[in-house]
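Welcome! Take a moment to look at the structure below, and then we will walk through a few of its features together.

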Amino acid sequence: EGKSPLLELALSDTGYKLFLMLLAKDEEAKTKFFDPAELKILRPNPTVREGDEDVPTSKKSANTRRVELLQYMKNLLTECCNSHANLLLQSRGGSKVLRGVYETFPSKELTDAIVEGCDNDDDVGEALSVFEHNIGHLSIKNLILSDEKVSSKDNSVAAALAQKYKGTMIDDIAASNRGAFVLAALIATDDSGDVKKEVKGQKKEIQKRIKQSEKASKPSAGYEALLKAIE
């Protein structure tokens with residue numbers, strides 16, 4: 001499978017913001033993606049000086065131009081996310097693009113790609129989990145929490161993760177302190193209560209891991225949050 005022509009930009013420390021400008025549908029979204037200094041530079045209605053007055057460079061509104069360009073870029077953006085979900089999940093900028101595309105153009109294909117992207121193989125064939133990655137675990141947690149806003153969770157990342165890891169959530173998702181934060185988010189968005197029920201049955205194991213982490217002077221906040229989520 002070929003590399004998406006957008007991938008390098010999406011993973012760039014600054015380039016990914018170009019896509020966020022297209023994906024930000026309102027001012028609230030823009031303030032979430034950009035700081036005030038950036039918003040001041042990124043004027044939505046650019047003008048040129050003609051004589052003594054400033055003339056708009058386009059007769060169309062800023063939002064109309066954004067929507068038209070976003071539609072033009074839709075296939076390229078979705079293909080990039082479908083093909084490179086794992087890499088995007090592990091990038092601060094890339095994960096924001098992935099989340100923006102997931103919320104704007106939801107599809108089963110993208111949901112499956114994200115869930116599959118939570119697993120990875122390194123050069124020696126050992127499984128590396130996004131749930132344990134310093135950026136990846138936050139990326140997937142934020143995707144799960146964004147599912148709270150949707151009316152139907154049939155095609156959501158939260159539902160797909162709950163289905164894939166049913167019966168092994170403690171060992172596969174919460175194998176680390178970071179992963180425990182992800183599982184706590186999954187409990188918060190699960191309307192059925194099935195995830196909470198499964199994890200609650202592992203309460204003693206969670207308490208054991210907290211004690212082991214404290215004894216080894218390792219972070220345990222994730223496991224503590226998970227313990228609180230089932231109480």
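A residue is called buried when its relative accessible area is under 20%, exposed when it is over 50%, and partly exposed in between, using a 1.4 Å probe and protein chains only. The model is predicted, so local features need pLDDT of at least 70 and side-chain atom pairs count only at pLDDT 80 or more, while totals for chains, interfaces and linings use all residues. Residues are numbered from 1 along each chain as its sequence is written, and side-chain values use heavy atoms, with hydrogens and water left out.

**A residue in a helix**

Is Ser95 buried or exposed? Ser95 counts as buried because its relative accessibility is 12%. Ser95 sits in helix α7; helices (H or I, at least four residues) and strands (E, at least two) are DSSP runs, numbered from the N terminus. Leaving aside neighbours within four places in sequence, Ser95 is in contact with Leu88, Leu89 and Ser139, where contact means heavy atoms within 4.5 Å.

**A hairpin**

Strands pair if DSSP finds at least two bridges between them. Here β1 (residues 47-50) and β2 (residues 53-56) pair in the antiparallel sense over four bridges. One of the bridges joins Glu50 to Glu53 in β2. The hairpin has two residues between the strands, and Gly51 takes a positive phi near 70° there.

**Two pockets**

On a 1 Å grid over the protein atoms alone, a pocket is an open set of points with protein on both sides within 12 Å along at least five of seven lines, and lining residues have an atom within 4 Å of a point. Grid points are joined across faces, edges and corners, and a volume is the space filled by probe spheres set on the points.

| Pocket | Volume |
|---|---|
| Largest pocket | about 580 Å³ |
| Second largest pocket | about 340 Å³ |

The largest pocket is lined by 21 residues, and Lys32, Phe33, Arg99, Gly100 and Glu103 are the closest to its centre. Helix α7 gives the largest share of this lining, seven residues. The lining of the largest pocket holds six nonpolar, five polar and ten charged residues; Ala, Val, Leu, Ile, Met, Phe, Trp, Tyr, Cys and Pro count as nonpolar, Asp, Glu, Lys and Arg as charged, and the others, Gly among them, as polar.

Which element gives the most to the lining of the second largest pocket? That is α10, with four residues. The second largest pocket has 16 lining residues, with Ala162, Asp190, Ser192, Asp194 and Val195 nearest its centre. Its lining divides into six nonpolar, four polar and six charged residues.

Methods:
On a 1 Å grid over the protein atoms alone, a cavity is a set of points where a 1.4 Å probe fits but cannot get out, and a pocket is an open set with protein on both sides within 12 Å along at least five of seven lines; lining residues have an atom within 4 Å of a point.
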